[in-house]
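Take a look at the model below.

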Amino acid sequence: MRLLKYFSFAVGLVVLILGLTSSVRAELPTVAVITTGGTIAEKIDPATGGAVPALSGKDLLEAVPELAKVAKIKVVKYSNIDSSQMTPELWAGLSKTVDQVLADPLIKGAVITHGTDTMAEGSYFLDLTLKTDKPVVFVGAMRDASDVSPDGPANILNAVVQACSDNAESWGVTVTLNQYINSARDVRKTNSTNVQTFNSGEKGFLGYIAMGKVYRFHDRHDRRRFPLPNKLPKVVLLTTFAGDDGSLLRYAVDQGAAGVVVEGVGAGNVNAEVYKAVEYALKKGITVVLTTRVYHGGVFPIYGDQGGGETLEKAGVILGGDLTGPKARILLMLTLPQVKGEPARLREYFKH
Ligand code: ASP
């Protein structure tokens, strides 16, 4: 009889604990993890010795058992490619997918696993086109899954913590690696191999994640949104160099570019030959945006010789503010369809 009493008490206790755990898990928020590929999902291919896409979303999550205490995860596979193979068209599809997934009221936010090579532009593309206001966190890794100490698992855990955190509201799309949170508009990849590769230059980090908590440094007030055009216009990016004869720019125009981003030198200058090629483009009704290869500061109408920023602006070139060349290209692809026939409106979108 006593044995039966102990047994039913033990069973009762187990049921209680199971009940409690499932109610605790039931309370956990749900986060979508949308996978696209990148080093975070790559492994060394023994045949070639090079890193190639290899891990599924399920594999990525299995490497982070700690996630079970933070959120319930819904995995959505979008692609599994190295981000060097990404295109604006693929980002347009990703943007639609993220909005569809986050339309589910039960889902708190999304984490997007993506390669770091083009993550700065990809995250900006979504920052400009997503309809949702829910948190969207781009994450990746600098060491692949075959490496000695892959940084992917800790980055995924932190990104999910951020997507769940009330302290991470209204930041739009962010890039979060190595515990640092960057705004998609200002983030850059600054080191080709080091885990601390992403930063936002003089704009600084939005926040930091430590021990499962988000520490907020700044708010964001510069988010703009544009509808996704049915077809993205052809916009090319050209970096100028000493002795540039302008032939590449003329070629791009003759090849049907609807817009050209010229990454100039200094505060936004090109030489006289490139200036003539810019005039050639403008005469053909092609939009030209000027940025600089210089890391900090952006472009200004300071210099007045043939090719100086002041002369270029007077000729009809749009100064790209402090956007990097690749991001100015994304912004021009999304705004050109909006301003058909009114290029002056573009100036507004590219202001510092
Ligand atoms: N090549 C990789 C990629 O962008 C680099 C990385 O993810 O770190 O997909």
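Which polar side-chain atom lies 2.9 Å from an oxygen atom of the ligand? It belongs to Thr39. Two further polar contacts (pairs of N or O atoms within 3.5 Å) follow. An N or O atom in the side chain of Asp82 is 2.9 Å from a nitrogen atom of the ligand. The side chain of Ser83 has an N or O atom 2.5 Å from a ligand oxygen. Taken alone, the ligand exposes 260 Å², and the protein buries 90% of that. Those areas are accessible areas from the Shrake-Rupley method with a 1.4 Å probe.

This is a predicted model, in which local features need pLDDT of at least 70, side-chain atom pairs count only at pLDDT 80 or more, and totals for chains, interfaces and linings use all residues. Residues are numbered from 1 along each chain as its sequence is written, and side-chain values use heavy atoms, with hydrogens and water left out.

Now the shell around the ligand. Its residues are Gly38, Thr39, Asp82, Ser83, Gly115, Thr116, Asp117, Ala141 and Met142. Each has a heavy atom within 4 Å of the ligand. By class, the shell holds 2 nonpolar, 5 polar and 2 charged residues. Gly counts as polar here, while Ala and Met count as nonpolar.

Ala141 leads on to Thr193. The two are 52 residues apart in sequence, yet 9.8 Å apart in space, C-alpha to C-alpha. Thr193 sits in the loop between S9 and strand S10 (198-199). Is Thr193 buried or exposed? Thr193 counts as exposed because its relative accessibility is 58%, and exposed means over 50% (buried is under 20%, with a 1.4 Å probe and protein chains only).

H9 gives the most, with 3. The lining has 5 nonpolar, 3 polar and 7 charged residues.

Finally, the whole chain. It has 10 helices and 16 strands, taken as DSSP runs of at least four and at least two residues. The C-alpha trace spans about 100 × 45 × 35 Å along its principal axes. Of the 352 residues, 48% are buried.

Note on methods. A polar contact is a pair of N or O atoms within 3.5 Å; within protein, one must be able to donate a hydrogen and the other to accept it, and residues adjacent in sequence count only if both atoms are side-chain atoms.
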